[in-house]
Amino acid sequence: MDKKRPLRIGITCYPTVGGSGVVATELGIELAKRGHEMHFISYDRPFRLPEQAKNIYFHKVHINSYGLFKYPDYTLPLSVEMAKVSCKYNLDILHVHYAVPHATAAILAQCMLPEDKQPKVVTTLHGTDTTLLGADPGYGPAILHALQQSDVVTAVSEFLKTETARVIGFKGDIRVIYNFSDLPKPTRSKSEVRQELGIKDDEVMIIHASNLRPVKRFDLLLKAVAALKDRKKFKLVVIAGNDFTPFHKDVQSLGLTDNVVVRENVLQIENYLQAADLALYTSDTESFCLSILEGMLFNCPSVSTNVGGIPEVVKNNETGLLVPKADVEALTKALESLIQDSKLRKELGDAAAIDARARFSANILIPQYEDLYYSLIEKKLVTDSALSSSSMCS
Ligand code: GMT
């Protein structure tokens, strides 16, 4: 097989704000730049996917509502669209990000197609598909089945690999391919952004970017920030991937109204990251924490809980500070030490940027996916198309 042949790859991910969708989209964009033909298949256009870009196509999954269904079904229409796109464009690979329900739909799509039209299925686990849904008896067995049927399973950290075997009981091979990030250059200056946010030169800008789901423990984060001695020294900027309304009450009751600035629907997160002095993450678990990595690339050190895959991303006392899970006192202490010491912030931030570029840049990680795809294609059986037929491809 000529390694130079561009591949035709279908990508399915959640289009909404979230690490798995971001990684899947960036992967597709990078692969398209390298000459591969990328087909995104989802119910909406992923939020970071450019409207017009060479080698990038978007296929919308249409969902009808039927009176009989109490709950709308996405898995079947997704699998049909995956099969249709695979057939029409002769896809080599269907790469699904987040197992539920994408991996199951991909396996189903594969089964619907004649053998010579079947793309290889690559399933990338991102986190809660294992840690949360994998532990749910209503999902676990279906996830296990989809992983067993996938041609390759990857995970975004060693932690997630181990957890997938432990929680789901998957005994097959899992390849760890770390997340990467290559955000564009900021379009606004640092001072312009800080001015917009109302942050004075002598104030430390703490940033937190997440979907604020319970696992992020935003309640703890607010408590840790509220315990900081001098309220005049910092502002907390929250880049909210979900509605912030439920937290307004807590912000108020902790007396943080003047310290918290919220931005929703942010598309150019790089503008905010470059302006930040430190990042704060208090999750109960994280398979990787892409937001920490995105900050690192803008010389932003972090204070975070020492959970899941985070210690694979952050080197404690070198590129950030790790504290025990759910320990508000330790979080506040670590924050205090960075707020008071600009030299330490710079040291950790600069080291973070160097380390992030060395270990988590697209140039390093994309070839790992490409190699994986090519190894699968090489194994693909060359079958006689006359032997098989399917209504999907007629
Ligand atoms: O953290 C979330 O709620 C979003 C979730 C997702 O699927 O988008 O993030 C997961 O995938 C990211 C990209 O691989 C990881 O950086 C996050 O750590 C992971 N979240 C969890 O494990 C809780």
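Predicted model: local features only at pLDDT ≥ 70, side-chain atom pairs only at ≥ 80, totals over all residues.
View 1. Local features need pLDDT of at least 70 and side-chain atom pairs count only at pLDDT 80 or more, while totals for chains, interfaces and linings use all residues. Residues are numbered from 1 along each chain as its sequence is written, and side-chain values use heavy atoms, with hydrogens and water left out.

View 2. A backbone N or O atom of Ser 287 is 2.8 Å from a ligand oxygen atom. Polar backbone atoms of Cys 289 and of Leu 290 each lie 2.9 Å from an oxygen atom of the ligand. On its own the ligand has 490 Å² of accessible area (Shrake-Rupley method, 1.4 Å probe), of which the protein covers 95%.

**View 3. Cys 289 and Cys 300.** The structure holds 0 disulfides (a pair of cysteine sulfur atoms within 2.5 Å). For Cys 289, the nearest cysteine sulfur is that of Cys 300, 12 Å away, which is too far for a bond. Cys 289 is buried at 6% relative accessible area, and Cys 300 is buried at 1%; buried means under 20%, exposed over 50%, and partly exposed in between (1.4 Å probe, protein chains only).

**View 4. Phe 69 and a nonpolar surface patch.** Tyr 66, Leu 68 and Phe 69 form the patch, with about 380 Å² of accessible area together. Phe 69 counts as partly exposed because its relative accessibility is 42%.

Key. Patch = residues over 30% accessible without salt bridge, like charges linked within 9 Å, V, L, I, M, F, W, Y side chains within 5 Å. Salt bridge = Lys/Arg side-chain N within 4 Å of Asp/Glu carboxyl O. Polar contact = N/O pair within 3.5 Å; in protein donor to acceptor, adjacent residues only side chain to side chain.
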